Amino acid sequence: VSRHANTSIVVDQMCTRPKLSSSGRGSSGNLIFVRTRRPRPKSHMSGIVANQAPEIDVWYFAYGANLDPSVLQRREIQPLESINCKVPTLQLSFNHRGAYGNVMPKEPNTSLDSPPCVHGAMYRLSPDDMQRMKQFEGGYNLASVEVTTYGGDTLNGVTFVTKPALRLEEGLAPMETYLGKLRVGAKHLELDPAYVAWLDAHPSIEDRFRGQEYYDTPMQQYVNVGAVTVMLLTSW
């Protein structure tokens, strides 16, 4: 498996064949949500099918626990290729429900403590493995993303972004076990040493110390309001 490749690949959508490009030019790196479409049957209307697998390999940007090879092994996912990269326009944030990983627009570097841009790996996955990955990432939306390889080229693919209903207002200290997977994966892949050091220095908490603030998402607030409404109605 190759970890460093100096090629720029443009992926129009999940179901299109990658094209080699040497220009290194692309979009600004903003996330665009991607949907997988099934072929249009003659006797049925076309539509979006969440569980429909693409027909060719997919470039998937991993930045969280999927960097850890033991996680991929447990999920029975085998990347066909791996390329170390970063996304200059995005940063890692632990603002997914439970303080799991997510990517957000990069904040300006106002101090030495400012988060760096997110680093990770672009995995080339088979259609079956990409479908399996989607099943494990149910709390996320699939979005397109443009990365910069460590060789300086651009590569377009997809990544997972937290669904708005499951996003915390602010990032919190992640669980030690979860952050540990990111640290292991970053070192295994030999990501940028400065980024590895940032992960090592990032604060974390023991799993048992997570409080209610770790679950205070718009979805949870909606559930709480609904529960109160039911209580009031039943008490009249």
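Guide: What follows begins with the salt bridges and then moves along the chain around them. The model is predicted, with local features needing a pLDDT of at least 70 and side-chain atom pairs counting only at pLDDT 80 or more, while totals for chains, interfaces and linings use all residues. Residues are numbered from 1 along each chain as its sequence is written, and side-chain values use heavy atoms, with hydrogens and water left out.

How many salt bridges does the structure hold? There are eight, a salt bridge being a side-chain nitrogen of Lys or Arg within 4 Å of a carboxyl oxygen of Asp or Glu. In general, side chains of opposite charge can pair when their charged atoms come close.

One of the eight joins Arg 124 and Asp 57, with 2.6 Å from N to O. This pair links distant parts of the chain, 67 residues apart: Arg 124 belongs to strand E8 (residues 118-125), and Asp 57 to the loop between strand E3 (32-33) and strand E4 (58-62). Strands (E, at least two residues) and helices (H or I, at least four) are DSSP runs, numbered from the N terminus. Arg 124 has a relative accessible area of 24% and is therefore partly exposed; Asp 57, at 23%, is partly exposed as well. Buried means under 20% relative accessible area, exposed means over 50%, and partly exposed lies in between (1.4 Å probe, protein chains only).

Strand E4 also holds Ala 62, which is buried with a relative accessible area of 0%.

A second salt bridge pairs Glu 137 with Arg 75, their closest N and O atoms being 2.9 Å apart. This pair, too, links distant parts of the chain, 62 residues apart: Glu 137 is in the loop between helix H2 (127-136) and strand E9 (140-149), and Arg 75 is in the loop between helix H1 (69-74) and strand E5 (81-87). Are these two residues buried or exposed? Both Glu 137 and Arg 75 are buried.

The loop between E4 and H1 contains Leu 67, which is buried at a relative accessible area of 1%. Its C-alpha atom is 7.4 Å from that of Lys 181, a residue 114 places away along the chain.

Next comes Glu 176, which forms a salt bridge with Arg 183, the closest N and O atoms being 3.1 Å apart. Glu 176 is partly exposed, with 36% relative accessible area, whereas Arg 183 counts as buried at 14%. Salt bridges with shared partners join Glu 176, Arg 183, Lys 187 and Asp 200 into one network.

In helix H4 (residues 193-201), the buried residues include Tyr 195, Val 196, Trp 198 and Leu 199. They cover an arc of only 160 degrees around the axis, which puts them on the same side of H4; the arc is that of the directions from the helix axis to the C-beta atoms. An α-helix has 3.6 residues a turn, so residues three or four places apart point the same way. Pro 193, Ala 194 and Ala 201 are exposed on the other side of H4. The loop between H3 and H4 holds Glu 190, which has a positive phi of about 60 degrees although it is not a glycine.

Some charges form a patch instead. Glu 169, Glu 170, Glu 213 and Asp 216 make up a negative surface patch. Patches are made of residues with over 30% relative accessible area and no salt bridge, with like charges joined within 9 Å and nonpolar side chains (Val, Leu, Ile, Met, Phe, Trp, Tyr) within 5 Å. Lys and Arg count as positive and Asp and Glu as negative, with His and the chain ends not counted; the place of a charge is NZ of Lys, CZ of Arg, CG of Asp or CD of Glu. The accessible areas come from the Shrake-Rupley method with a 1.4 Å probe, and for residues only the protein chains shown count as cover. Glu 170 is in the loop between strand E10 (154-162) and helix H3 (176-189), and its relative accessible area of 60% makes it exposed. Thr 162, in strand E10, is buried at 1% relative accessibility.
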